[in-house]
Amino acid sequence: MSSEVIIRSGFRGLRYVDGRFDQVLDPGRYDVPVSRWGRRAPKVEILIVDLRERELNIKGQEILTVDKVAVRVNIITHFRVVDPVAAVERVADYGDRVYSDVQLAARRSLASMTLEGILTNRNQLSEDILRDVEGVSAGYGVEIIRADVKDLIFPGNLQDVMNRVLTAQRLAEAQMIEARTKADRERLAAEADAEAKRIRADAEVDALRRLADAAQAYAEHPALLRLRELETLGALGANAAARLYIGFDKHSDQLND
């Protein structure tokens with residue numbers, strides 16, 4: 001007679017015969033012999049071990065920093081069994097062992113850091129914990145995948161001080177941005193005004209150059225100036241409200257001729 005055991009994917013089976021480890025069983029269907037009445041047979045047991053990734057929350061650990069500030073920390077740990085034989089036979093409960101190892105690693109890391117160091121580089125704390133514990137856990141067949149610091153909780157009075165500091169920092173950043181924006185507006189306005197002045201100056205220089213060229217042409221060719229006078233008189237004559245005063249004495253010599 002025999003009973004049947006099925007090992008699903010993501011699990012392994014540890015086969016024991018009369019209390020001694022025999023072999024690791026991969027996923028599949030296995031027959032386990034059962035002793036018949038009046039006949040003694042080896043006792044076969046199969047222990048199922050979960051190899052999937054698991055999550056372990058380590059909450060509310062109060063630890064003193066190197067500058068004697070009490071900090072409560074919550075850590076999320078992800079791990080999995082990579083050696084089911086070592087996980088079962090080298091420690092009584094590998095889940096409890098992971099918990100205590102991560103807890104002690106967090107205490108060692110925090111005890112070597114200042115409060116300012118924790119606040120400015122929380123990632124270092126997670127990296128220190130992982131580096132500290134991964135070698136130890138490998139000894140009992142467990143791989144620590146992540147050990148992330150989820151929360152840091154400080155004493156109430158210190159929390160108030162930190163909140164005020166953060167508020168002051170945000171206000172200072174906002175004022176800096178506003179001042180930078182105002183300076184940018186003033187700079188752009190000054191640049192636009194300078195560009196406008198340059199354009200006006202260029203136009204005035206160009207106008208003066210044109211006048212100078214015209215004056216030189218009139219000086220070299222007096223008939224052009226007379227033609228300009230006639231054009232001006234013609235334009236004024238088209239205006240009914242305009243009054244024209246002509247100095248006949250000035251042109252009497254020409255009339256007598």
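## Briefing: salt bridges, core and sheet

Arg187 and Glu191 are joined by a salt bridge, with 3.1 Å between the closest N and O atoms. The model is predicted. A search of the whole structure gives 12 salt bridges. The largest nonpolar core has 34 residues. Three strands make an open antiparallel sheet.

- Arg187 and Glu191 both sit in helix α5 (residues 156-220), four residues apart, about one turn of the helix.
- Arg187 counts as partly exposed, at 42% relative accessibility.
- Glu191 is partly exposed too, with a relative accessible area of 44%.

- Arg131 pairs with Asp128 in a salt bridge, the closest N and O atoms lying 2.4 Å apart.
- Both residues belong to helix α4, three residues apart, about one turn of the helix.
- Arg131 is exposed, with a relative accessible area of 53%, whereas Asp128 counts as buried at 16% relative accessibility.
- The side chains of Arg108 and Asp132 also meet in a salt bridge, 2.8 Å from N to O.
- This pair links distant parts of the chain, with Arg108 in helix α2 and Asp132 in helix α4, 24 residues apart.
- Arg108 is partly exposed at 46% relative accessibility, and Asp132 is partly exposed at 29%.

**Nonpolar cores**

- In the largest core, the residues with the most contacts inside it are Tyr94, Val98, Ile129, Val142 and Leu152.
- Elements giving two or more residues to this core are β2 (11-17), β6 (54-64), β7 (70-81), α2 (94-111), α3 (115-120), α4 (122-138) and β8 (142-153).
- Helix α2 supplies the largest share of this core, six residues.
- Leaving out residues up to four places away in sequence, Tyr94 touches Val49, Asp50, Arg54, Phe79, Val81, Ala87, Tyr140 and Val142.

**The three-stranded sheet**

- The strand order is β3-β2-β5, with antiparallel pairing.
- β3 and β5 (44-50) stand at the edges with a single partner strand each, so one side of each has no neighbour in the sheet.
- The twist averages 25° from one strand to the next.
- β2 pairs with β3 (residues 20-25) over five bridges.
- Leu14 stands opposite Val24 in β3, and Arg15 has Gln23 as its bridge partner in β3.
- β2 and β3 form a hairpin with two residues between them.
- In the turn, Asp18 has a positive phi of about 55°.

Key. Residues numbered from 1 in each chain as written. Predicted model: local features only at pLDDT ≥ 70, side-chain atom pairs only at ≥ 80, totals over all residues. Heavy atoms only, no water. Core = buried A, V, L, I, M, F, W, Y, C linked by side-chain atoms within 4.5 Å. Buried < 20%, exposed > 50% of the residue type's maximum accessible area, 1.4 Å probe, protein only. Contact = heavy atoms within 4.5 Å. Pairing = 2+ DSSP bridges. Axes fitted to C-alpha atoms, helices over the stretch in contact; angles between N-to-C directions. Salt bridge = Lys/Arg side-chain N within 4 Å of Asp/Glu carboxyl O.
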